[in-house]
Amino acid sequence: MSVLFGILAIAVLTDATTLAQTDRNSPPINYESTKPDDNVARLAEKLANSEVELQWDEKHGWLPSFLEALDIPSTSQTLVFSKTSQQNRKIRPSSPRAIYFNDNVYLGFVQQGDFLEIAAVDPKQGAIFYTVDQHNSKQPMIARSSEQCMSCHESHKTQDVPGFLVRSVYPKKSGHPDFRLGTEHTDHTTPLQNRFGGWYVTGHHGGMRHRGNVFVDESQEGNLDRESGANLNRLPSVARPELHLEPTSDIVALMLLEHQTQFHNFVTQASWTARQALHQQATMNELFERTADYRSDTTQRRLDSAASELVEYLFFANEFKLTSPVKGRSEFAESFMSKGVRCSQGRSLRDLDLQTRMLRYPCSYLVYTESFNALPKPILEIVKVKMLAVLREENDSETFAHLGARDRKAILEILGETHPLFRD
């Protein structure tokens with residue numbers, strides 16, 4: 001066996017779904033060397049060409065202009081006071097970090113911070129990280145920032161690709177997490193009692209409890225007084241609400257933030273898996289003089305596995321069941337739903353439930369995003385087939401038992417009218 005054949009055989013026969021072991025800067029991914037094509041990169045190009053002009057704000061710097069330019073609602077504001085980010089020396093309970101987001105961009109703002117932190121979803125490459133210096137100048141400077149972000153933003157918690165995460169910790173009164181008590185990366189499957197540690201949370205959630213708004217009592221082996229942090233109408237005074245764009249850290253925004261960060265990671269994982277598998281398959285086909293469309297069982301298994309994980313997540317498999325209704329304390333929920341594309345019966349995948357689950361129709365609204373629809377065609381077709389099997393009740397797996405017949409029918413009808421992938 002030649003050295004070349006041995007290397008190629010290992011590359012193909014290994015089920016390389018653990019993407020962290022793969023160099024993201026090698027073909028076919030080329031993460032660092034590929035020019036980004038996300039909303040922030042497009043804004044940077046417009047700034048360079050003097051097509052747009054942003055205004056400096058004396059209180060919040062470039063923040064208001066960037067929110068407007070990127071179409072991010074201020075009502076999406078969530079506040080995290082744990083020292084778990086790049087500017088943690090300036091983050092504390094009295095000066096929390098604000099996170100704002102839409103379907104494709106996340107923006108972090110720290111009071112008196114040196115820069116804005118922005119992460120955008122590139123349709124092909126996934127999460128791309130940027131900073132914007134918070135200094136008054138003629139126009140803001142957007143810089144790509146990668147390596148220093150990867151220590152937190154590329155691990156098995158982000159599906160082993162550069163990605164996003166929401167973290168729940170046990171915070172001390174200083175804002176430092178007490179790592180002896182553990183930390184958790186959260187999404188829609190996480191029980192509410194384990195969420196929001198180190199975050200401020202406004203809104204009603206009835207008898208359910210979470211870790212938000214409170215600090216570890218170090219004298220009592222890390223106990224949290226969850227009652228004092230429950231069902232808050234407004235931010236605690238220690239958070240200094242007057243310093244922020246909104247007087248809230250909305251529980252509905254937090255729940256959607258948790259869902260969509262991991263959705264983007266699963267899409268990127270599926271995209272990278274497909275591109276790597278097909279790249280390696282093409283190399284082997286050439287080596288063995290096979291037809292270009294030949295696909296091995298190993299390649300097919302890799303595509304199928306990544307597609308299955310994405311479909312399970314987008315249909316809210318294993319979603320934590322709400323035991324009390326949830327209601328936010330801002331206009332965020334209404335704004336969020338108003339952006340939904342609707343079928344002829346007025347239904348949208350952005351319709352919220354918040355009684356026993358997050359969405360009225362449990363299929364992620366992010367299936368309309370560029371990144372989902374830009375998945376390599378071979379894996380996008382597999383995802384489509386798997387989704388249709390679930391919605392047509394051809395897949396009776398317990399994984400999808402939470403979807404009743406009416407849910408499946410409604411989702412299928414909504415997608416059939418509003419999503420190009422399903423219109424046929």
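For the classes used here, Ala, Val, Leu, Ile, Met, Phe, Trp, Tyr, Cys and Pro count as nonpolar, Asp, Glu, Lys and Arg as charged, and the others as polar. The model is predicted. It holds 3 cavities of 30 Å³ or more, and the largest cavity has a volume of about 50 Å³. Its lining consists of His188, Arg195, Met255, Glu319, Phe320, Leu322, Arg357 and Met358. Sorted by class, the lining of the largest cavity comprises 4 nonpolar, 1 polar and 3 charged residues.

The next topic is strand 2. Strand 2 pairs with strand 1 (residues 78-80) in the antiparallel sense over 3 bridges, and here Leu79 stands opposite Ala98. Strand 2 also runs antiparallel to strand 3 (residues 105-109), with 4 bridges joining the two. In that pairing Tyr100 stands opposite Leu107. A hairpin through 3 residues connects strand 2 to strand 3.

A pair of aromatic rings is described by the distance of the centres and the angle of the planes. With centres counted as paired within 6.5 Å, the structure has 13 aromatic pairs. In one of them, the ring centres of Phe101 and Tyr106 are 6.3 Å apart and the planes meet at 20°, so this pair is stacked. Both Phe101 and Tyr106 are buried. For Phe336 and Tyr365 the centres are 4.9 Å apart and the planes are at 85°, so that pair is edge-to-face. Phe336 belongs to helix 7 (residues 332-338) and Tyr365 to the loop between helix 7 and helix 8 (370-373), so the pair ties together parts that are 29 residues apart in sequence. Phe336 is buried, with a relative accessible area of 5%, and Tyr365 is buried at 1% relative accessibility.

Elsewhere, the charged end of Arg144 sits over the ring of Tyr31, 5.0 Å from its centre.

Conventions:
Residues are numbered from 1 along each chain as its sequence is written. This is a predicted model: local features need pLDDT of at least 70, side-chain atom pairs count only at pLDDT 80 or more; totals for chains, interfaces and linings use all residues. Side-chain values use heavy atoms; hydrogens and water are left out. Rings of Phe, Tyr and Trp (its six-membered ring) pair if their centres lie within 6.5 Å; planes under 30 degrees apart count as stacked, over 60 as edge-to-face and the rest as tilted. Buried means under 20% relative accessible area, exposed over 50%, partly exposed in between (1.4 Å probe, protein chains only). A charge sits over a ring if NZ of Lys or CZ of Arg is within 6 Å of the ring centre and within 35 degrees of the ring normal. On a 1 Å grid over the protein atoms alone, a cavity is a set of points where a 1.4 Å probe fits but cannot get out, and a pocket is an open set with protein on both sides within 12 Å along at least five of seven lines; lining residues have an atom within 4 Å of a point. Grid points are joined across faces, edges and corners, and a volume is the space filled by probe spheres set on the points. Two strands pair if DSSP finds at least two bridges between them.
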